[in-house]
Amino acid sequence: MSDADGRRRPSLVTRGAGILESVAMVLMVALVLSIFYSVVAREVFKLSVPWAEEVAAGLLAWSVMLGAAAAWGQRRHIVIDVLLRRIALGARVWISVVIECGALLLFYVIARGAYLMMFASANNTTTALGISFTWLYLALLIGTVAMILFSLAYLVSLIRNGKAVIGQTETKSEWTTS
């Protein structure tokens with residue numbers, strides 16, 4: 001898609017991944033600030049901050065899952081593709097489709113487990129804050145559902161114009177295998 005100037009507009013996947021990445025960064029800053037506050041309160045003012053560890057754990061879960069989903073949407077997770085790069089482009093497209101389907105299956109299993117754990121732990125609360133563990137499992141559910149959506153979008157683009165999609169990833173390579 002291009003606008004009137006001929007510039008490419010970011011796709012829905014790119015914008016969604018960017019939003020998730022921004023939220024994950026804000027949560028990471030909040031995590032650092034809460035730990036910093038806890039350390040200063042304990043070491044300087046000799047005050048105990050019992051809620052800081054729980055807040056930090058929750059912020060960590062949310063920032064990791066949203067950041068992982070953003071990285072998945074931007075195709076930035078670590079990939080070992082030495083063998084994949086050595087086969088013909090047509091075969092590489094279909095193997096990539098199979099790999100993406102495997103990732104979708106894995107994400108479905110994780111999302112289903114997170115969904116079930118949300119309800120199984122609904123009555124369990126954290127010690128200091130008294131909030132339900134459901135909120136922690138919700139991070140896992142939202143992150144994996146986002147990864148499922150990004151994978152479906154990538155799978156559709158692979159099936160529609162696979163050689164062009166695979167060709168784009170080849171030009172972005174930072175490493176060589178030769």
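Student: Which residues does threonine 126 touch, not counting residues up to four places away in sequence?

Tutor: Threonine 126 touches Glu54, Ile131 and Phe133 on that count. Contact here means heavy atoms within 4.5 Å. Keep in mind that this is a predicted model: local features need pLDDT of at least 70, side-chain atom pairs count only at pLDDT 80 or more, and totals for chains, interfaces and linings use all residues. Residues are numbered from 1 along each chain as its sequence is written, and side-chain values use heavy atoms, with hydrogens and water left out.

Student: What does the side chain of threonine 126 do with glutamate 54?

Tutor: The two side chains make a polar contact at 2.9 Å. That term means a pair of N or O atoms within 3.5 Å; within protein, one must be able to donate a hydrogen and the other to accept it, and residues adjacent in sequence count only if both atoms are side-chain atoms.

Student: Where does threonine 126 lie? And is it buried or exposed?

Tutor: Threonine 126 is in the loop between helix 3 and helix 4. Helices are DSSP runs (H or I, at least four residues), numbered from the N terminus. Threonine 126 counts as buried because its relative accessibility is 11%. Buried means under 20% relative accessible area, exposed over 50%, partly exposed in between (1.4 Å probe, protein chains only).

Student: What about serine 121, buried or exposed?

Tutor: Buried, with a relative accessible area of 5%. Serine 121 is also placed in the loop between helix 3 and helix 4. Leaving out residues up to four places away in sequence, serine 121 touches Ser132, Phe133, Thr134 and Tyr137.

Student: New topic. Which residues lie nearest the centre of the second largest pocket?

Tutor: Glu54, Gly58, Thr126, Ile131 and Leu136, out of 13 lining residues. A pocket is an open set of points on a 1 Å grid over the protein atoms alone, where a 1.4 Å probe fits, with protein on both sides within 12 Å along at least five of seven lines; lining residues have an atom within 4 Å of a point.

Student: Which helix gives the most to that lining?

Tutor: Helix 2, with five residues. Helix 2 and helix 4 (134-171) each supply at least two.

Student: Back to helix 2. Where is alanine 57, and how far is its C-alpha from that of leucine 136?

Tutor: Alanine 57 lies in helix 2, residues 52-73. The two C-alpha atoms are separated by 8.7 Å, with the residues 79 apart along the chain. Alanine 57 is partly exposed, at 43% relative accessible area.
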